[in-house]
Amino acid sequence: MITVRAVRAVRACLLPLPLPLFRVPCRLPLPLLVLVLAAAALVPGCAPANPAPARLRGSDGPRAAGLPKTVNAAHRGGASEVPENSMAGLVSAYRHGSSDVLDLDVQTLRDGTPVAMHDRTLDRTTDHTGPVSRLTLRQWRHVRLRPGKGLPGDWPAEHPPTAAAVLDRLGGHIVLNVEIKDERALAPLAEMIRARGLTRSVYVQSNRIRPAVKAHRMGLLTSVWRSVEQARRDRPERWRGTVDMLSVDHHARDADIRRAVASGIPHVWSHTIRTPAERDRVLRLGCDGVLTDAPRLLARTPQRDKPDAADGERGR
């Protein structure tokens with residue numbers, strides 16, 4: 001054990017140094033080398049300052065079944081507080097501790113690799129333009145995110161992560177809600193989730209029912225979001241046993257949200273919440289969670305128990 005720890009410590013110390021250092025030949029006898037490595041493991045400051053969370057088996061980490069009674073989910077990582085769908089933003093939301101669930105979107109590259117991106121094109125959020133689906137993985141690594149104006153704090157010019165990288169970094173540490181914007185992402189994403197033992201802690205979301213049915217048959221947790229017009233026409237009771245979480249647009253009528261809540265689907269959340277007042281209304285209507293761009297704001301703003309007079313008539 002001490003040798004393994006020592007090797008990791010030495011690697012952590014050496015990685016920031018110039019590459020030529022690795023070309024220096026080592027002529028130390030093996031016993032002396034082991035002693036040097038063991039001593040290095042005990043030297044303060046050799047460990048990385050911000051190590052990535054350790055990989056956990058799915059059974060070790062949080063599960064969707066263990067979420068609190070009222071869920072605060074960070075939509076795209078909390079898009080009004082961090083750069084959306086970025087690794088830095090997702091990790092920041094996780095470390096802050098204000099969110100029970102981290103939400104992200106997934107598009108696919110030309111070879112079918114699922115990557116974290118909301119739009120079909122790169123234009124809005126990156127320094128590149130054109131469709132995401134035209135890029136190879138090598139080209140993807142040259143893309144850099146362009147944080148939106150008005151975000152608090154300073155953010156690195158990082159490249160957007162792959163879905164696999166997000167699962168490796170945060171899977172097993174917090175429940176995830178992964179929305180597939182391209183149905184081609186379902187099969188590779190399902191394989192990644194199963195391989196990492198995360199089938200009980202990752203929702204796979206879509207706006208359509210057909211992908212949810214496929215995901216359910218694959219043994220995954222399913223999540224479906226619906227717009228105002230869809231919620232008006234929906235009969236969500238038909239999806240009991242297939243959909244694990246239904247998210248309804250918070251602009252929907254009171255009657256449509258209540259119908260979703262009464263459908264028998266285990267969990268009904270609402271999106272995309274930006275203010276405490278919006279949160280309070282949907283929770284009073286029976287939702288047990290919200291997808292919000294401002295999870296830190298909502299976490300420090302207590303829910304009000306009494307409805308406003310205007311809330312009682314909104315959306316009827």
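Which residues in helix α10 are buried? Select residues 276–284 to find out: R279, D280, R281, V282 and L283 are the buried ones. Here, buried means under 20% relative accessible area, exposed is over 50%, and partly exposed is in between (1.4 Å probe, protein chains only). Helices (H or I, at least four residues) and strands (E, at least two) are DSSP runs, numbered from the N terminus.

Before moving on, note that this is a predicted model, where local features need pLDDT of at least 70, side-chain atom pairs count only at pLDDT 80 or more, and totals for chains, interfaces and linings use all residues. Residues are numbered from 1 along each chain as its sequence is written, and side-chain values use heavy atoms, with hydrogens and water left out.

**Around α10.** Next, click on G286, which follows α10 and has a positive phi, near 115°.

**A stop in β8.** Select T272, which lies in strand β8. The peptide bond leading from H271 to T272 is cis, with omega near -25°.

**The loop between β1 and α3.** Go to R76, in the loop between β1 (71–74) and α3 (87–96). R76 is not a glycine, yet its phi is positive, about 55°. R76 is buried, with a relative accessible area of 15%. Finish at N85, in the loop between β1 and α3. N85 also has a positive phi of about 55° without being a glycine, and at 2% relative accessibility N85 counts as buried.
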